[in-house]
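Let's take a walk through this model together. Have the sequence and the 3D view ready, and follow along from one site to the next.

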Amino acid sequence: MKNRPIVLFIAALLMGATACTAQPEVNPQNEKKNPHYSHTDKAPVKVSNAEWKKILIPEAYSIMRLKGTERAGTGPYVHNPKSGTYYCAACGNALFSSATKFDSHTGWPSFFQSLPGNSVAKVKDADGFRDEIECARCGGHLGHVFDDGPKPTGLRYCMNGYALMFEEGK
Ligand code: FE
């Protein structure tokens, strides 16, 4: 049993790797415990980060309020084949239709078009060259938009799955 510590170490590494790359099918964020979540209220949502921190799961908070990025392939909805609507995980604002989703092979859910109206806002990223995409209602960071997407728009909205909440058939 001389090798036992090494075997245990490798087993622990493998378990850790599995836990880190687990890809949830849906966003585990609980919108029912969120007083700002609505598909009908269009009023701007101005909420402090301290309050968002109490409402959002850590993954959504670090992305949406601290402009973080989930590791590629670790967030929900990358391979979601269902038809429906993607909403802002923080405020419930409708953002994207599944009809404009495509497989970008990046590990992040990607769309070639946002929903018309007050869905998303494009702002210059602090890095000075990328275009950041925020929810137009709550200002939550969602991801970035690039101009290497498919027709008809040529755009690629590269989104964090933890910033989205999918509802089937709507
Ligand atoms: Fe929002």
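Phenylalanine 111 is buried, its relative accessible area being 0%. Please keep in mind as we go that the model is predicted. Tyrosine 86 is likewise buried, at 0% relative accessibility.

Tyrosine 86 belongs to strand β1 (residues 84-88) and phenylalanine 111 to strand β4 (residues 110-111), so their contact ties together parts that are 25 residues apart in sequence. Tyrosine 86 also pairs with phenylalanine 166: here the centres are 4.8 Å apart and the planes stand at 45°, so the pair is tilted. This second pair links strand β1 to strand β9 (residues 164-168), with 80 residues separating tyrosine 86 from phenylalanine 166. Phenylalanine 166 has a relative accessible area of 14% and is buried, because the limit for that class is under 20%. Stepping back, you can find one aromatic cluster made up of Tyr77, Tyr86, Phe96, Phe111, Tyr157 and Phe166.

Now turn to the iron ion. Its protein donors are the SG atoms of Cys88, Cys91, Cys135 and Cys138, lying 2.3 Å from the ion. The angles among the four donor atoms run from 100 to 115°, and the site is tetrahedral. For comparison, the ideal angle for four tetrahedral donors is 109.5 degrees. Along the sequence, the donor residues follow the spacing C-x2-C-x43-C-x2-C. Cysteine 88 is buried at 0% relative accessible area, and cysteine 91 is buried with 0% relative accessibility.

Next comes the sheet. Six strands make an open sheet in the order β3-β4-β8-β7-β6-β5, with antiparallel pairing. At the edges stand β3 (101-102) and β5, each with a single partner strand, so one side of each has no neighbour in the sheet. Strand β5 (residues 120-124) is joined to strand β6 (residues 131-135) by five bridges, and the two run antiparallel. They form a hairpin with six residues between them, and glycine 128 in the turn has a positive phi of about 90°.

Four bridges join β6 to the antiparallel strand β7 (residues 141-146).

Terms used. Residues are numbered from 1 along each chain as its sequence is written. This is a predicted model: local features need pLDDT of at least 70, side-chain atom pairs count only at pLDDT 80 or more; totals for chains, interfaces and linings use all residues. Side-chain values use heavy atoms; hydrogens and water are left out. Two strands pair if DSSP finds at least two bridges between them. Donors are N, O and S atoms within 2.8 Å of the metal (3.2 Å for Na, K and Ca); water is not among the atoms, so sites may look incomplete. Four donors count as tetrahedral if all angles lie between 85 and 135 degrees; four count as square planar and six as octahedral if opposite donors are over 155 degrees apart and all others between 65 and 115; anything else is irregular. Buried means under 20% relative accessible area, exposed over 50%, partly exposed in between (1.4 Å probe, protein chains only). Rings of Phe, Tyr and Trp (its six-membered ring) pair if their centres lie within 6.5 Å; planes under 30 degrees apart count as stacked, over 60 as edge-to-face and the rest as tilted.
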